[in-house]
Amino acid sequence: MTDTRSGFVTFVGRPNVGKSTLTNALVGEKVAITSEKPQTTRRAIRGIVNRPGGQLVVVDTPGIHRPRTLLGQRLNDLVEQVLGDVDVIAFCAPATEKVGPGDRRIAESLSGYPRAKKVALVTKTDAATRDQITERLVEVDALREDWAAVIPLSAVTHDQLDVLSDELLALMPVGPALYADDVVTDETLEDRIAEIIREAALHGVRDELPHSIAVTVDDVADREDSDLTDVWANIVVERDSQKAIIIGKKGSRLADVGARARAGIEPLVGGRVYLSLHVRVAKEWQRDPKQLGRLGF
């Protein structure tokens, strides 16, 4: 009987290098929301990957960035905390972009977490040429001398994902699984629903609005004498003008958000959903410690 291994891995990198997409691809189910907007991830979301040789717990974290608000600072603090606790840190750089100062800064900062083993990943290989991939592997390899592995992969086509899983598992400590094998995340149902609604609300909005959107779920309840699940939720923004954008002309945009969100929530609860969405304004919540606390940051 070979020893089973289990432990925690987190992906780090600049915003939008594909960390959440990679988390979902490894888990085989959507546990982290994705969007083309940077700074989409706001919590440490744990996705669980079961392999024949053991279990990986993937902690999806916000991208590391220069914070402009109290929320931004708290997100960076959260990343720091996670990095101090995991067994393996996987640094991500997209094959499609040259390694820049931001990547170098993040790669250097990993020396502050001596306990964790370090792996480098060149992501988004499906969107890059062979020459770009080769060039990126050389650049990434040169960032540190202690990479345990350097792996090119694509979360979209699943190319090399098995290689990554096996490599990560081999670096984990020997020990039993940390979660039951039918669990894909430790997020609560309410948390997952809130994130799906936020993903729907992020779709198609531009400029500073994405950062101003938060979602709270008041209640999730099975309706009596019906197969419907009722969900009551709020989309929170910072200004009245943003509220108008989210609602849209005659409520058209909010209806679209509701339809998108419902499509994501129904598979999660295993049935039809009645979704009641309200948009409310919490002035400058990203900078207000009290409001941040209320919204769970």
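## Salt bridges and packed helices

In this predicted model, glutamate 139 and arginine 136 are joined by a salt bridge, their closest N and O atoms lying 3.1 Å apart. Both residues belong to helix H4 (residues 130-141), where they sit three residues apart, or about one turn of the helix. How accessible is each partner? Glutamate 139 is partly exposed, with a relative accessible area of 22%. Arginine 136, by contrast, has 2% relative accessibility; because buried means under 20%, arginine 136 counts as buried.

Let's look at some other salt bridges.

| Glutamate 139 | Arginine 136 | 3.1 Å |

Glutamate 97 is partly exposed, at a relative accessible area of 36%.

Arginine 239 is partly exposed, with a relative accessible area of 31%, and glutamate 284 counts as partly exposed at 34% relative accessibility. Salt bridges can also share partners: in this way Lys98, Glu135, Arg136 and Glu139 are joined into one network.

Now for the helices. Two packed helices are described by the angle between their axes and the distance between the axes. Helix H6 (residues 189-202) packs against helix H9 (residues 252-269) at an angle of about 145 degrees, and their axes are 8 Å apart. The crossing of H6 and H9 is right-handed. On the H6 side, the residues in contact include Leu189, Ile193 and Ile197, and on the H9 side they include Val257, Ala261 and Leu268. By class, the contact of H6 with H9 has 11 nonpolar, one polar and three charged residues.

H9 also meets helix H8 (residues 240-247), and the two axes come within 5 Å and cross at roughly 65 degrees. In this contact, Ile245, Ile246 and Ile247 of H8 touch Ser252, Arg253 and Leu254 of H9. The residues of the contact of H8 with H9 divide into four nonpolar, one polar and one charged.

Which residues of helix H3 (residues 101-109) are buried? They are Gly102, Asp103, Ile106 and Ala107. These residues lie on the same side of H3 because they cover an arc of only 130 degrees around the axis. The face turned away from that buried side carries the exposed residues Pro101 and Glu108. Strand E1 (5-12) and strand E4 (88-94) are among the elements covering the buried residues of H3.

Finally, take a look at serine 20 in helix H1 (residues 19-27). At 9% relative accessibility, serine 20 counts as buried. Its C-alpha atom is separated by 9.5 Å from that of alanine 155, although serine 20 and alanine 155 are 135 residues apart along the chain.

Conventions. Residues numbered from 1 in each chain as written. Predicted model: local features only at pLDDT ≥ 70, side-chain atom pairs only at ≥ 80, totals over all residues. Heavy atoms only, no water. Axes fitted to C-alpha atoms, helices over the stretch in contact; angles between N-to-C directions. Helix = DSSP H or I, 4+ residues; strand = E, 2+ residues; numbered from the N terminus. Left-handed = near helix turned anticlockwise from the far one by under 90°. Contact = heavy atoms within 4.5 Å. Nonpolar A, V, L, I, M, F, W, Y, C, P; charged D, E, K, R; others polar. Buried < 20%, exposed > 50% of the residue type's maximum accessible area, 1.4 Å probe, protein only. Arc of directions from axis to C-beta. Salt bridge = Lys/Arg side-chain N within 4 Å of Asp/Glu carboxyl O.
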